[in-house]
Amino acid sequence: MRIFVTGGTGLVGRRLLPVLRQDGHELLVLSRQISPTLPEGCRAIQGDPTIAGLWLTELGTCDAVVNLAGENVFARRWRKRFKQQLLDSRVDSTRHIAEALAKDPKRSDGSPRIMISASAVGYYGPREREEIDEETPPGNDFLASICVAWEQAARPACEAGVRVAHLRIGMVLDDQGGGLQKLVTPFRWYIGGPVGSGEQWMSWIHVADLVGLIRFALGNPDARGPINATAPEPLTNWGFCKTLGLVMRRP
Ligand SMILES: NC(=O)c1ccc[n+]([C@@H]2O[C@H](COP(=O)([O-])OP(=O)(O)OC[C@H]3O[C@@H](n4cnc5c(N)ncnc54)[C@H](OP(=O)(O)O)[C@@H]3O)[C@@H](O)[C@H]2O)c1
C-alpha cells in the first residue's frame, strides 16, 4: 500500500516506519522538520499537519493514513497556551486528514481508504480499578476532553465511508525514549520509586506490540472504531515501580 504517515519522526513512528518498509509499503512521511531523519526508502513531505497545505495533495494519492502527530504531553508545563497546543496539534491535524479522505473515500480497487489515528487511554479519565472496554464512556478531565475531540475530528472520514480506527494508546514502553526512559534515570541512581501513594493505575503497552497493532489495523478490514492499545492488565504505579526495580536490580 501507499501509506501517508504523520508524526513519523516520534517515538512510535521511528519504530513503525522500518517495519512498514519491510512489509513492502511505500511511505510518505509528513514532518514539520526541513530534513527529518527517516529510514531508507521513506519519502519526506514537508508540512505542518495543523495547517492545510500542499501536503494534502500527496495525501490524496495514498491508500491509507497513519496519524500519529501531536504535541508531546510531557514537553512543557501545562499552562493555558500549551494546553491549547496539545489540543490543536491533535484535533486540527486529524480534521484536515479526515476532510481530505472524505473527498475521495475509495481506493482504486473500490475498497475503502484507511485511517489509523492515534488517541489515548486518557479518553477514560482517571479511574479506580474497574473493567474498561471500548464501550466505557469518556472521563471528564482535560485529557479525556482532548481525546473525545481528537476522535470526533475524524468523523468526516467515517461518515464518507473511510475505514477509521482510533487506537486508544496506553503509556508506550520503549527503552530508547518516552516515559520509561524518564523513569529509568532515577532508578539507575537508586532514587527511583512510586509517585505519591503509588495507587494510580497505569495502562501500558510495549512499543513492539503497538507497532504490531498498527500493522494489524492496516491489514484487517474489521479493524474500525475505537481499539484499546494497551496490555490487558494495567498496573498500579507501585506495582510498575516494583517490577522496574526488579528488572534493574535496584531496591
Ligand atoms: N508515547 C506514549 O506513551 C503515548 C501514549 C498515548 C498516546 N500517544 C499518542 O500516540 C501518538 C504518537 O506518540 P509518540 O510518543 O510517538 O509521539 P511523539 O514522540 O511526541 O511524536 C509525535 C510527532 O508529532 C509531531 N508533532 C509534535 N508536536 C506537534 C505540533 N505542535 N504540531 C504538529 N505536529 C507535532 C512531531 O513530528 P514532526 O516534528 O516531524 O512534525 C513528532 O515527532 C501521539 O499522538 C501521542 O499523543 C502516545
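The charged end of Arg-168 sits over the ring of Tyr-123, 3.5 Å from the ring centre. A charge counts as over a ring here if NZ of Lys or CZ of Arg is within 6 Å of the ring centre and within 35 degrees of the ring normal. Arg-90 does likewise with Trp-150, lying over its face at 5.0 Å from the ring centre. Before going on, keep in mind that this is a predicted model, where local features need pLDDT of at least 70 and side-chain atom pairs count only at pLDDT 80 or more, while totals for chains, interfaces and linings use all residues. Residues are numbered from 1 along each chain as its sequence is written, and side-chain values use heavy atoms, with hydrogens and water left out.

Back to the rings. A search of the whole structure turns up three aromatic pairs; rings of Phe, Tyr and Trp (its six-membered ring) pair if their centres lie within 6.5 Å, with planes under 30 degrees apart counted as stacked, over 60 as edge-to-face and the rest as tilted. Take Phe-4 and Trp-55: their planes are at 25 degrees, with the centres 6.1 Å apart, so this pair is stacked. It ties together distant parts of the chain, since Phe-4 belongs to strand 1 (residues 2–6) and Trp-55 to helix 2 (residues 55–59), 51 residues apart. Helices (H or I, at least four residues) and strands (E, at least two) are DSSP runs, numbered from the N terminus. Phe-4 is buried, at a relative accessible area of 0%, and Trp-55 is buried too, at 3%. Buried means under 20% relative accessible area, exposed over 50%, and partly exposed in between (1.4 Å probe, protein chains only). Another pair, Tyr-123 with Tyr-124, is edge-to-face, at 5.2 Å centre to centre and 75 degrees between the planes. Both Tyr-123 and Tyr-124 are buried.

Now for some helix packing. Two packed helices are described by the angle between their axes and the distance between the axes. Helix 6 (residues 178–188) and helix 8 (residues 237–247) have axes that come within 11 Å and cross at roughly 65 degrees. The axes are lines fitted to C-alpha atoms, for helices over the stretch in contact, and angles run from 0 to 180 degrees between N-to-C directions. Where do the two helices meet? Leu-180, Leu-183, Val-184 and Phe-187 in helix 6 touch Phe-240, Cys-241, Leu-244 and Gly-245 in helix 8, contact meaning heavy atoms within 4.5 Å. In this contact, seven residues are nonpolar, one is polar and none is charged. (Ala, Val, Leu, Ile, Met, Phe, Trp, Tyr, Cys and Pro count as nonpolar, Asp, Glu, Lys and Arg as charged, and the others, Gly among them, as polar.)

On the helix 8 side, Asn-237, Gly-239, Phe-240, Cys-241, Leu-244 and Gly-245 are buried. Their cover includes strand 7 (171–173), helix 6, strand 8 (201–202) and strand 11 (235–236). In helix 6 you'll also find Gly-178, partly exposed at 31% relative accessibility. The C-alpha atoms of Gly-178 and Leu-11 are separated by 6.7 Å, though these residues are 167 apart along the chain.

Tyr-190, in the loop between helix 6 and strand 8, has a positive phi near 65 degrees and is exposed at 56% relative accessibility.
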